[in-house]
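Please open the structure in your viewer and keep the selection tool ready.

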Amino acid sequence: MRVSLASLCVAPRTNSAAAIGPHGPQTRPGGIRATLHLAAAPILALLSGCSDLLPLLEDDDLIRSGYVIEVTFRFDDFATGARVYGGYGLASQLSGGFLAHEFGAQDDEGDPQETGLSARTLSRFPNYPRLAQVLDTLGVIQIDSSLTFVSGQVLTRIDTVASVHDGPVEIVAHALSEPWDAPSATWEYAVDTIGHRTPWTTPGGGAARRIGSATWDPEEGDSVGFFVDSAQIAEWGDTTDIGRGLRLSTTTPGVRLRVSSSLLRLDTRPSVNPDTLIELSAPLQINTFIYAPTPSQPRKTLRVGGAPAWRSVIHFDIPTELHGPPELCEALDCPVEIGEEHVSFAALRLVTRVGPRAFAPSDTVPLDLRSVLAPEVLPKSPLGNSRIGAQAVPHDLFVAPAGEVVELPVTTLVRDLLRGETVFGDPISGSAAVLTTTEPYSIDHLTFEGAESQLAPSLRVVLIFARGGR
């Protein structure tokens with residue numbers, strides 16, 4: 001038997017629970033939609049809407065002597081609950097930062113929404129270069145250790161793909177002045193560690209001195225620069241000052257920019273040739289970004305992503321027998337027991353939903369699904385290895401009206417749950433977390449319909465039974 005399957009299938013848009021699925025409304029009792037295929041052909045495609053993404057069975061003897069049935073379990077029939085947990089990772093763990101001003105303050109039609117997103121990027125500097133190879137006045141190369149830094153320029157690069165903007169954007173640079181802790185700083189607090197909280201004097205980075213502003217035009221490139229005078233260069237060079245740093249922000253409303261990197265170029269006067277200026281570079285360390293407002297705990301939806309990150313945990317309780325449909329009971333005596341050997345393919349189906357516009361995804365987000373090894377200690381439970389690998393989910397599935405079906409392949413997980421252990425004999429947890437492949441992955445997050453929705457998650461399973469129900 002050859003089994004061929006793909007990892008992601010997006011079904012057509014739908015506006016009601018009854019419309020989900022390629023075979024029409026879910027009309028079977030007990031929340032189960034089933035389609036029975038009496039095997040009669042050497043190749044059987046099980047879903048016309050995604051026929052190239054589903055199992056193809058090729059074995060004349062197997063198909064002519066058995067039955068293939070596709071069953072879609074509604075949430076209450078395959079799970080005992082779902083919950084969203086947050087707080088995984090820190091914004092400072094991302095390799096870049098974000099800038100935003102009043103982003104998402106109105107919807108696509110221009111109607112006022114909740115307070116828009118504001119975001120600022122905080123950077124701190126490593127040690128400046130202490131040595132340089134310089135031509136002296138006689139034209140001989142010397143190693144100069146007595147360097148004078150005259151001025152400089154901060155160059156910042158914007159990730160145009162992961163940014164949301166419409167035309168030129170004004171970016172403003174400030175010098176920080178209050179002590180701050182890079183791993184824990186937030187919009188409200190300069191330091192937010194266990195047992196110690198120090199608020200900014202003003203939310204968003206405290207009292208800061210303006211360095212200058214510049215207009216970033218995406219039509220002219222992906223970088224923007226700021227001139228820095230000698231006094232500021234000297235201040236940033238003092239590594240004992242825990243308040244030193246650069247704050248980048250934007251005054252252009254309705255934008256959210258991803259800052260990918262920054263560089264400090266230093267105009268330097270060498271001692272061996274004081275009439276010449278040379279340019280040295282010091283990479284800026286983008287330590288963190290701070291933002292407000294922070295998203296609140298979702299009550300009726302599922303959420304994945306963000307910084308710190310959110311996970312959606314589903315507690316599985318897979319049925320072990322079928323009591324229908326009548327076609328199956330006619331062919332096999334009901335109830336029909338379901339074992340791991342019967343499962344040809346299984347997919348967790350999540351329905352996309354329009355979430356807060358301030359945190360709407362602007363680029364593809366890779367999802368993962370992992371077993372929760374100790375559900376009793378959530379949210380701190382360790383997770384097992386990936387069950388599905390990286391599943392790339394396009395961001396446009398969450399644009400109004402949304403309602404797209406995203407399938408995550410969980411065949412191995414379902415087989416393990418029915419078996420009661422892994423193929424290696426290890427214990428198997430009935431809880432699984434849907435999360436991004438790395439946490440945090442971005443400031444934005446994905447929103448899916450929750451367990452109480454008419455469009456709640458469902459489980460689609462393709463089962464194969466030999467004649468006699470085995």
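Select Pro-440 to begin: this residue sits in the loop that runs between β30 (431-436) and β31 (445-449). Strands here are DSSP runs of E with at least two residues, numbered from the N terminus.

Before going on, note that the model is predicted, with local features needing pLDDT of at least 70, side-chain atom pairs counting only at pLDDT 80 or more, and totals for chains, interfaces and linings using all residues. Residues are numbered from 1 along each chain as its sequence is written, and side-chain values use heavy atoms, with hydrogens and water left out.

Next, select Leu-378 and Pro-379. A cis peptide bond joins this pair too, and its omega is about 10 degrees. Pro-379 belongs to the loop between β26 (365-372) and β27 (383-386).

Now move to Ala-402, in the loop between β28 (391-393) and β29 (405-409). Ala-402 has a relative accessible area of 1%, so it is buried (under 20% relative accessible area; exposed is over 50% and partly exposed in between, with a 1.4 Å probe and protein chains only).

Last, select Glu-102 in strand β7 (residues 97-103). Glu-102, again a residue other than glycine, has a positive phi near 55 degrees. Its relative accessibility is 42%, so Glu-102 counts as partly exposed.

Notes:
Helices (H or I, at least four residues) and strands (E, at least two) are DSSP runs, numbered from the N terminus.
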